Amino acid sequence: MKIFKNIVILTGAGISAESGLATFRASNGLWNNHKVEDVATIEAFQKNPQYVHEFYNELKKELVKAKPNAAHLAITKLQNEYPADINIVTQNVDTLHEKAKSKNIYHVHGQINQAVCLNCGHILETFGDVDTETVCPNCQVAGMMKPNIVFFGENLLYMDKVDELLRSCDLFLSIGTSGVVFPAAAFVQTAKYYGALTYEFNLEPTSNNFYFDHHIMGKAGVTLPAFVDEMTASLKNGD
Ligand code: NAD
């Protein structure tokens with residue numbers, strides 16, 4: 001295997017499935033038994049902010065308990081043992097990459113342990129409850145905190161940085177994402193156009209797989225550690 005210098009790893013809900021967290025797919029497009037339009041749109045938040053806060057407060061409790069699995073740990077191993085610039089772009093709002101002690105993590109869809117103040121932009125980091133009464137610790141205004149989750153119709157976070165990473169990577173790995181949520185689903189296209197070798201890790205072929213050079217089917221907790229071992233072995237073998 002060729003030696004790579006810049007690697008981008010895109011992760012989706014599938015990488016956290018073996019940690020016991022439900023994907024959208026596995027639950028017929030529901031997110032923890034809630035319709036996405038009731039909890040993940042800006043209209044829903046405007047209409048009933050308390051309901052939306054309660055959903056994320058409950059989800060937070062579940063995600064706090066989850067532990068990283070072999071796929072998260074394999075990425076950390078790759079970052080520690082492979083001499084490349086390795087960045088993780090995750091669609092997940094859980095913090096399992098952080099728990100696995102990975103670094104260079106970009107949560108493009110936000111993260112569960114944060115709320116953003118719509119008055120001053122302050123990011124509040126908390127695993128505790130946030131609601132319509134919460135006071136922003138920066139501007140002291142109450143009732144303006146929104147879960148720092150990117151709702152449908154909102155801009156993704158870190159896009160300038162991610163675009164730069166995609167244009168300069170020579171290896172792009174997509175793990176456990178169905179490729180139906182845009183613009184993340186099109187990241188592979190950018191990476192491929194700019195010359196990266198592209199791999200998809202999933203249980204099954206996805207509908208948006210045209211730009212992938214390789215498809216590795218199976219549970220990420222099995223396929224990814226094997227792939228990382230192959231990559232680190234290629235360093236020793238010099239091939
Ligand atoms: P998705 O639910 O649409 O798709 C998950 C994909 O992972 C599917 O293609 C499935 O075949 C695959 N998969 C399932 N188990 C796998 C395994 N063990 N190994 C490899 N692949 C596996 O998820 P998505 O594409 O990430 O998009 C859904 C959106 O939902 C994201 O934006 C994300 O923010 C949000 N979400 C996040 C979480 C989380 O943070 N853990 C959980 C559910 C949904």
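These legends accompany close-up views of a predicted model.

**View 1. Strand 4 beside strand 5.** These two strands run parallel and are joined by three bridges. Ile88 has Ile105 of strand 5 as its bridge partner.

**View 2. The N-terminal end and span of helix 4.** Asn69 caps the N-terminal end of the helix. One of its side-chain oxygens lies 2.8 Å from the backbone nitrogen of Ala71. How far apart are the end C-alpha atoms of helix 4? They are 16 Å apart. At 1.5 Å a residue, the 12 residues (70-81) should span 16 Å, so the two values agree.

**View 3. The largest nonpolar core.** This core has 23 residues. Ile7, Ile9, Tyr82, Ile175 and Met231 have the most contacts inside it. Strand 1, helix 4, strand 4, strand 9, strand 10 (197-202) and helix 8 each give two or more residues to the core. Helix 8 gives the most, with five residues. In soluble globular proteins, nonpolar side chains tend to be buried together.

**View 4. The surroundings of Ile175.** Which residues touch Ile175, leaving aside its neighbours within four places in sequence? Its contacts are Ile9, Leu10, Thr11, Gly12, Ile15, Ile75, Phe201, Ala220 and Leu224.

View 5. The order here is 7-6-8, with antiparallel pairing. Strand 7 (123-125) and strand 8 (145-149) are the edge strands. Each has a single partner strand, so one side of each is left without a neighbour in the sheet. Neighbouring strands are turned by 40° against each other on average, direction ignored.

**View 6. Strand 6, strand 8 and helix 3.** Four bridges join strand 6 (residues 110-117) to strand 8, and the two run antiparallel. Val116 has Lys146 of strand 8 as its bridge partner. Helix 3 (residues 49-65) lies across both strands. This helix runs at about 45° to strand 8.

Terms used. Residues are numbered from 1 along each chain as its sequence is written. This is a predicted model: local features need pLDDT of at least 70, side-chain atom pairs count only at pLDDT 80 or more; totals for chains, interfaces and linings use all residues. Side-chain values use heavy atoms; hydrogens and water are left out. The expected span of a helix is 1.5 Å times one less than its number of residues. A polar contact is a pair of N or O atoms within 3.5 Å; within protein, one must be able to donate a hydrogen and the other to accept it, and residues adjacent in sequence count only if both atoms are side-chain atoms. Two strands pair if DSSP finds at least two bridges between them. A nonpolar core is a set of buried Ala, Val, Leu, Ile, Met, Phe, Trp, Tyr and Cys residues joined through side-chain atoms within 4.5 Å. Buried means under 20% relative accessible area, exposed over 50%, partly exposed in between (1.4 Å probe, protein chains only). Contact means heavy atoms within 4.5 Å. Axes are lines fitted to C-alpha atoms, for helices over the stretch in contact, and angles run from 0 to 180 degrees between N-to-C directions.
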